[in-house]
Structure formats: C-alpha cells, structure tokens
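Welcome! Here is a short tour of one protein chain, with a few places to look at as you go.

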Amino acid sequence: MFSQSAPHAWLWFPIVLIPGMFMLVSFFLSWLGGWRGLAQLYRLDRGGGFPCKHLVSGDMGWVEYRSCLTVGGDERGLYLATLLPFRLGHPPLCIPWSDIHDRRRKRSFFTNWDTFELGPDRVKLRVQSSATAPLDRYLPEVSSG
C-alpha cells in the first residue's frame, strides 16, 4: 500500500531548495567575479570604522553588484562590502592603497565610473565615481580612458 507521508515531504523541498540555491549562487558569483580571491588576501574580520558610502553600484570581474556595495576607506585602505543578505561568499575587504592600480574614469549614461585593478591578480573593480571621490587623496591618479 501507499504511504500518506510522502506528499508532506515535498512541502519541505522548496523551503530547503531556495536557501540552498541562494547560498550556492552567492558562492559561485564570489568565485566568478574575483571577490573570493581577494578575500584570501584582504579579508577584514574585525575593525571597520571606515567612512563609507552605502548602496553603491559596481562590477567586479564578471559580476554586477547593483546598489548593494558599501565603499569607503581611510589611510588603511579601500573598504568594500556587500549588503548583509549577499555577504555569503563576500566577506568585507580592506585593500591597501599600494595594491590598487591603473585607475581610469569613464562616463556612461549620466554616471561617471572609476575602474581599478586590485591585488596581484589584477581583478577589475568598477564603481561609481561619486563613491570614490572622498578617497581621491589615497587613490592613484586618474589616467585618461
């Protein structure tokens, strides 16, 4: 005969599948964009106190972060973090100024964007120039491009 408990087991499937897929996608995007590699070198476990601009859009590698980045910094380095729901696989970073290279500025659809290469692997980071403007004294000079 058939068991009546089998249909009830399917009710739990979406409850487990949706968070599991969210976690898997978050870790995959971290790897794909280069955040994971940067976290091996520049992960910020403690500290903070950086003056920051929140809800900034940007790209890292192949991944777009739409209004979910926090960008800031001080004499210690450039601070990058994602909003808390997206932090799985994306720990906060503090990248020393000496490891930020090749700053370029471009205008696209009424917004200025700064592009950098970060770390020894030269991971490309593109963020809104309005978020990096307070950090101009620490950042490399803008090269035309």
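A residue is called buried under 20% relative accessible area, exposed over 50%, and partly exposed in between (1.4 Å probe, protein chains only). At 39% relative accessibility, R122 therefore counts as partly exposed, and D102, with a relative accessible area of 39%, is partly exposed as well.

This is a predicted model, in which local features need pLDDT of at least 70, side-chain atom pairs count only at pLDDT 80 or more, and totals for chains, interfaces and linings use all residues. Residues are numbered from 1 along each chain as its sequence is written, and side-chain values use heavy atoms, leaving out hydrogens and water. The chain averages a pLDDT (the predictor's confidence in each residue, from 0 to 100) of 85.

Now to the charged pairs. A salt bridge is a side-chain nitrogen of Lys or Arg within 4 Å of a carboxyl oxygen of Asp or Glu, and the count comes to ten. Three of them are shown here:

| Salt bridge | Closest N and O atoms |
|---|---|
| D102 and R122 | 3.5 Å |
| R103 and D114 | 3.0 Å |

Salt bridges that share partners join D102, E117, R122 and K124 into one network. E117 counts as buried, at 16% relative accessibility, and both R103 and D114 are buried too.

Which residues of helix α2 (residues 35–42) are buried? They are W35, L38, A39 and Y42.

Key. Helix = DSSP H or I, 4+ residues; strand = E, 2+ residues; numbered from the N terminus.
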